[in-house]
Amino acid sequence: MTGTANADALKNEIAPTGKLRVAIGISAAGGAYWSRKTENGYAGVPVELGKAMADQLGLPVEYVPFPNSGQITDAAAKGAWDVSFLPEDAERAKKISFGPIYEVAEATYIVKAGSTIKDYASLDQPGVNVAAVNNTTTMRGAVAHLKNAKVTGYQTFDEIFNLLKDGKIDAFALSRDQLNALAKKIPGTRVLDETFKQTITAVAVPLNHPLSLQYASKFLTDAKTNGLLRKAFDDNGLKDTPLPTK
């Protein structure tokens with residue numbers, strides 16, 4: 001009876017609507033955080049992990065899409081989702097609870113085609129316009145890093161992609177793996193060699209959901225060792241991306 005009561009208490013907290021609502025960020029950027037819209041629904045590392053979690057709980061899954069991680073964070077207090085997989089930083093941890101990390105990525109900048117910018121010193125100059133996805137850990141890191149260049153937040157990756165392609169911004173701050181993929185799509189752009197911060201991505205639940213956090217933490221810890229996380233990475237073009245060891 002105790003086990004049944006515990007399971008019921010968990011389901012009541014983690015899935016109050018009767019479904020596991022998984023918040024996902026939608027973009028063509030790829031990587032371990034972003035998901036993408038497909039003809040049959042959604043695809044991405046968080047999509048696979050969310051589905052596996054729902055299956056383990058014996059619940060249907062419902063994906064709740066957002067254009068960026070900042071909006072996912074702000075929606076937590078409104079009861080809009082039950083679990084997510086997000087980049088973590090101190091500011092965001094005031095609004096949601098994080099479990100174990102599942103990716104560590106380097107953040108840097110890509111510069112537009114034809115740019116004379118070679119490094120961080122030549123990037124961080126007055127009159128240089130740097131874009132970032134609004135209210136994200138990477139944007140906060142870029143604002144802290146750059147003392148002279150102007151950092152502007154935009155709601156979606158796709159919007160910034162088009163600005164970079166059209167030469168309307170000087171640089172874009174994001175994780176190196178995503179920028180390397182972006183460079184292949186926009187000829188002439190260049191990813192800078194330096195790294196201004198490490199971004200960690202982790203499982204997350206709304207604040208004051210202790211049973212949810214305990215469950216999600218164990219789920220992700222197990223996913224690192226039972227092959228689930230490796231499969232999710234491999235299925236989404238991340239075969240060369242190592243898993244975190246802790």
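Reply: Helix α2 and helix α8 (residues 210-225) pack at about 115°, with 11 Å between their axes. A few ground rules first: this is a predicted model, where local features need pLDDT of at least 70 and side-chain atom pairs count only at pLDDT 80 or more, while totals for chains, interfaces and linings use all residues. Residues are numbered from 1 along each chain as its sequence is written, and side-chain values use heavy atoms, leaving out hydrogens and water.

Helices (H or I, at least four residues) and strands (E, at least two) are DSSP runs, numbered from the N terminus. Axes are lines fitted to C-alpha atoms, for helices over the stretch in contact, and angles run from 0 to 180 degrees between N-to-C directions.

The crossing of α2 and α8 is right-handed. In this scheme, the near helix turned clockwise from the far one by less than a right angle gives right-handed, and anticlockwise gives left-handed. Who actually meets whom? On the α2 side you'll find Leu 49, Ala 52, Met 53, Gln 56 and Leu 57, and on the α8 side Tyr 215, Ala 216, Phe 219 and Leu 220. "Meet" here means contact, with heavy atoms within 4.5 Å. Sorted by class, the contact of α2 with α8 has eight nonpolar residues, one polar and no charged. For the classes, Ala, Val, Leu, Ile, Met, Phe, Trp, Tyr, Cys and Pro are nonpolar, Asp, Glu, Lys and Arg are charged, and the others, Gly among them, are polar.

α2 (residues 45-57) also has helix α9 (residues 228-235) as a partner: their axes come within 8 Å and cross at roughly 145°. That crossing is right-handed too. This time Val 45, Glu 48, Leu 49 and Ala 52 of α2 meet Leu 228, Leu 229, Lys 231, Ala 232, Phe 233 and Asp 235 of α9. The tally for this contact is seven nonpolar, no polar and three charged residues. Notice that Leu 49 and Ala 52 turn up in both lists, against α8 and against α9.

What counts as a pair? Rings of Phe, Tyr and Trp (its six-membered ring) pair if their centres lie within 6.5 Å; planes under 30 degrees apart are stacked, over 60 edge-to-face, and the rest tilted.

Thr 201 lies in strand β11 (residues 197-206). With a relative accessible area of 2%, Thr 201 is buried (buried is under 20%, exposed over 50%, partly exposed in between, using a 1.4 Å probe and protein chains only).

Pro 87 is our next stop, in strand β5 (residues 83-88). Pro 87 is buried, at 9% relative accessible area. Its contacts, again skipping residues up to four places away in sequence, include Tyr 33, Arg 92, Phe 98 and Thr 201. Between Pro 87 and Glu 103 there are 16 residues in sequence, and 8.8 Å in space from C-alpha to C-alpha.

Back to rings for a moment: the structure holds nine aromatic pairs. One of them is Tyr 109 with Tyr 120, edge-to-face, 5.4 Å centre to centre with 85° between the planes. That pair links distant parts of the chain, with Tyr 109 in strand β6 (residues 96-111) and Tyr 120 in helix α4 (residues 120-123), 11 residues apart. Both count as buried: Tyr 109 at 0% relative accessibility, Tyr 120 at 9%.

For a contrast in accessibility, look at Lys 184 in helix α7 (residues 176-185). Lys 184 is exposed, with a relative accessible area of 74%. Asn 208, in the loop between β11 and α8, is exposed as well, at 73% relative accessibility. Phi of Asn 208 is near 60°, a positive value in a residue other than glycine. And the loop holding Asn 208 brings us back to α8, one of the two helices we began with.
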